Amino acid sequence: MYPPRFKYVPARSLEEAVDELANYGYEAKVLAGGQSLIPMMKLRLASPSVLIDISRLESLATISETAQEVRIGAMVTESALERSPVVAGWAPALIDTSRVIADPLVRNLATVGGNAAHGDPANDHPATLAATGASFTLLGPDGSRTVPAGDFFEDIFTTALEPDEIMTEIAVPKQKAGTGSAYIKYERQVGDYAIAGAAAYLKSDDSSTVGDARIYLTNLGPIPVRATDAESLLEGQTVSRRLFKEAGSAAACAAQPWSDMRGSSEYRRRVAAMVTGQALEKAWTRVRKGRHG
Amino acid sequence: MKLTGTSVRRVEDRAILCGSTRYLDDIRIPGTLHCAIVRSQLARGRLASIDVSEAASAAGVVRVFTASDLGPSNGPIPQPTWFPAPEGLRKHIEVMTRPEYAHLLAPGRVRYVGEPVAAVLATSPYAAADGAREVYVDYEPQDPVVNIEQSRALRGGPLNDGRPDNLAARFVVRKGDVDFAFARADHVVSGTFRTGRQTGTPIEPRGVLADPTRPVFTVWSSNQAPHWLRDALATYFGLDPADIRVVAPDVGGGFGIKSMVYPEELLIPGLARLTGAPVKWVETRTENFLAAVHARDQRHSIELALAGDGRFLGLRDTFTTDAGASNLESLVVPYNTAAHLQGTYRIPAALIVHESYLTNKAPLSAYRGAGRPEAVFPVERIIDVAARELGIDPAALRQKNLITGDEMPYQAGIRYRDGTPLSLDGGDYRAVFDEALRRADVKYWREEQSRGRPEGRLLGIGYANYIEGTGIGPTEKAIAALEPDGTVSITVALPSQGQGHATMLGQLTADGLGVPLESVQVRQGDTALLPTGAGTIASRTAVVVGSAVSVASAELRLQVLDRAAGLLEVDPDDLTIRDGRVSVIGAPARSVPLVDCADPDIGPPLTATAGFDPGRVTFAYGAHIAVVEVHPVTGHVSILKYVVVHDCGKLINPMIVDGQVVGGIAQGIGAALSEELLYDESGQLATASFLDYQIPRSTDMPSPEVYHFETPSELNPLGVRGVGEAGTIGPPAALAGAIEDAIGKAGVIIDRCPMPPSYIAGLIDSGVADT
Amino acid sequence: MDESAATDRLDVSISVNGETVTASVEPRLLLAHFLREEAHLAGVRIGCDTTSCGACAVLLDGRAAKSCTLFTVQVADRTVTTIEGIADDDRLHPVQAAFREEHALQCGFCTSGFVMATIELLERNPEPDEREVREGLSGNLCRCTGYVNIVAAALRAANKVGRTGKGRM
């Protein structure tokens, strides 16, 4: 398959990338890892006339940490994320997520920023980033702004990212003592989108009752679906397997699945309940581990 | 040391591993035009107009063709004469078959999404793809026919103008008095079972390159049967077959779907002749899903009559196939199904009725197994249903009815597809099944199943027994020649698509002549090298070509001994060939190297040609046992154990045989669990990529255990039975049985494959718990 | 029609198997096509349209990547290794040798991609277990072998890497 012609604009700096994006406007697309965009172009489902290549901007490909946050450059590849000790130590839910995205070869090129910014409800990072309370730095002609992941996704393929903005960084609060998060996805096969995916974040002050809970679901609605009923059901309760199971059922009610080749909406709801329960259990294990406490 | 019977490492591998094999797209001819094909986006409709003006003026585009540019040479295209039922079969069955062949480019109407409508020739593949985007087709939509019910109801009128209905083929096969069998039965069980629409998906898609600038018009095609294509081209162009050369280069997998003559295989040569330039077309994966043949898609309504003790008394089966837009295959696959339906079991009476209907889908034809998985699935399913209804262990019910070695040869009481009486030629079907039970340790897994139940674990065991008629005719030839450099060349017609023919035939030659494997060169798949041949299909190469090579090698050996006898001044009977030297028995110092026997000064080149006609097929057979665990929520299937005991006679290269079996199992597992071509109501293919048509990945495949019986065939000098398709036949049936057993609820019957997790989860929820 | 087509070309130079290949390419030229048509490395195969099969896998700066999903211009001045560049003259790379020994290939169309993916897998994880091998190779499709022998080959090559220290890229 052969993609259509386009004008190639390699950005030598972030400022240049933003300038070029302003310059070309709607005609242009930002080329990051290209693992979603290039397949679309090959199938001629996308034909941008200009591609602004930010893949060589080293400054966007670093992972660093502050006292409170893990800061992940938008161009960090999934495979770099997967192998990052900093992420493993402070935000292990992101590792859960990376490991189930596409396949190992695609993950060598696919970027975290691309996955987050695309607005595809089937992408896995959005639910995890929303659940862990991450925020995105968006750079535009008027400077940069920060948007919480929970507010970023507006509708299917629609996000808070303006056409003249580039996502530059993802900041994830460090998972400190008494907190834990996890992501579980059930897919038919490696490389497929989720039948259902669930990201869970739990906080507990006493290692037996749930303080705060945040649950977001993947591919069960136009954007990551927040399971607020499940969250309220958990908060203040003593943890048990049964509690997590009930929360899973509550989350499944929040899901808005459609029937497709992966199964009926009823089936996908049932899997949503399961993965939510599993994500909660895994997150709770991490709460109790309290490695960084 | 004899090489035959040993796992010699393949002679093909080094080139592949260094990236130096040459598949179709790797052949470069200067001045080649690249073709992109515009395909119908509509399942059924009239072509009101096609506007090619913008495409024709696009950068790099040389010319655009539609049906009207081809005129009468647009077809319909001939298929191999091998495909319709031979007279010998027609005499014995009721049969009606209507050939319904394709045109090169849609002639005024389209019949499936993906049908070629226009061809764009350009100086590069990129330019051709750009040009294809600029061809504007105006369709007048008609009601699409997307299932057999609509086809029978003649939705939108007959699909083929001038025909009263959409029936493409029908036959009836009778054995014994089936009505009497059912009348005296103690039990009759029945069910309806469906095998999904699937396809072979070789990782190399199809491709064609034609060069009209050569002295002999040459066509390369990624094809399993170059001689059939050559004959079709000769008919199409009105040429003598000798004036066309067809070459199958290195082929990246075929699995049956590269064995028919496709519109593109005549279109590309046709365009090459019209333009006077070499033309190349390489299929995209999307096109492969849309326009290469589909397979399976049978629905069986089957009834089994049993005596009180579980003996099978009779079988009635009516099955339909969704043939798609063309009746490409005629009776090949459906009759294979009929011929293999009784399989390994004693069934005294049978009535088999088949009907095949046209629809607005890609044409249906052969894919590895070619009718056999479709037969084994309903039969093994109905046996499982019977076992439950009679309260007999499913393995015991099979044991009671399996044909044993004492009964061989066993006359199945019907005809094979070639018209000969279907005679099961040896082996012991019961013994192989018993061995599989032992190897799988079914007793242990039954205990494990009981232990797991209270914990909510869903474990199950499933069985499949099958036969496979292999090594069908016609005659294949082999030429063995002593080359001037003292090496030996073997020339055969059939190309390889990964089966390791060069190694396997090389082993036979090396042993036959007494030369090292390294000094044997196998040439294949080129009509210029050997003008007659059929195709690499139907698990026939080892049987038919292998036998021809073995005879030719033996003949060449005698010639070499004669020649050497003259040089050494001894009697040929006193000579032997070892390690590439001819020496006097008992006096090895008196010897000549083979190269001396090839000296042109002492005589004409030494060459031997032999043909082998198998007469009739020889049957391979086997038993598959699957042990699975089903996830109670997701319906996900984990295969805990997969055991195959198989008998394909003498093994020429056990490593290659096991590779064939395991590779076939992978395709069978895909067929069982994940692969399905799904059309929507409008006739659009919803699964036209690997994202949606999910073939197994490394994380989806178990490591099957494969064991062999080696009952020699008496129908060929090598004692071999074919093995190419065996692995694909058992898994859908064995896995369906295992999954149904794991769910273990009364009233839950698996009636289809594939069985994706969502389907299985639905079954877990239905039915009532067994007591 | 499109007059700019010729002028839109960009000069790139890429280190391929240790040699610098320079060409003037359209920005849309996929790396897989560049390698096959400009660098004449036909061992790079193309088996799908959707980044699913991995037949086109090469090493890009040492990391396995699907060359059908990269524009050539993105790879300018970087280093690519293909199946043609891994043997040491006549001596097969340990992964190549293991594939032959274990009969891990049949038609061979997917083989280049599997070999490259295996090389990277073992470079990252010199002693993988079977599950890690299966996961590591899950981005490549094979339709002939059923993967069993491919997994065995990767494990065999891993042992060899352990013993001789060979097999690193």
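How many C-beta neighbours does Asp77(C) have inside 10 Å, and does Asp77(C) count as buried or exposed?

Author: What you see is a predicted model, in which local features need pLDDT of at least 70 and side-chain atom pairs count only at pLDDT 80 or more, while totals for chains, interfaces and linings use all residues. Residues are numbered from 1 along each chain as its sequence is written, and chains are lettered from A, with ligands numbered from 1, in the order in which they are written.

Asp77(C) has 10 C-beta neighbours inside 10 Å, and therefore it counts as exposed. The cut-offs are these: 20 or more other C-beta atoms within 10 Å make a residue buried, 12 or fewer make it exposed, and anything in between makes it partly exposed, with C-beta atoms placed from the backbone. Asp77(C) sits in the loop of chain C between β4 (63–66) and β5 (79–81), where helices (H or I, at least four residues) and strands (E, at least two) are DSSP runs numbered from the N terminus. The backbone of Asp77(C) has a phi near 70 degrees, which is a positive value in a residue other than glycine. Asp89(C) also carries a positive phi, near 50 degrees, without being glycine, and its place is the loop between β5 and α3 (94–101) of chain C. Asp89(C) is exposed too, because it has 5 other C-beta atoms within 10 Å.

For a contrast, turn to helix α9 of chain B, which covers residues 263–275. Of its 13 residues, 10 are buried, so that the helix is mostly covered; among the buried ones are Leu266(B), Leu267(B), Ile268(B) and Leu271(B). The expected span of a helix is 1.5 Å times one less than its number of residues; for α9(B) this gives 18 Å, which agrees with end C-alpha atoms that are 18 Å apart. Just after α9(B) comes Gly276(B), with a positive phi of about 75 degrees.

Chain B also holds cis peptide bonds, one of them running from Gly75(B) to Pro76(B) with omega near 10 degrees. Pro76(B) is in the loop between α3 (67–70) and α4 (87–90) of chain B. Another cis bond links Cys753(B) to Pro754(B), with omega about 5 degrees, and Pro754(B) belongs to the loop between β31 (752–753) and α22 (757–765) of that chain.

Leaving aside residues up to four places away in sequence, Ile739(B) touches several residues, including Val628(B), Val630(B), Ile750(B) and Met755(B); two residues are in contact if their C-beta atoms, placed from the backbone, lie within 7 Å.

Finally, chain C, where we began, meets chain A in a contact that takes 23 residues from chain A and 24 residues from chain C. On the chain A side, β1 (7–10), α2 (37–42) and α6 (104–107) each supply at least two residues.
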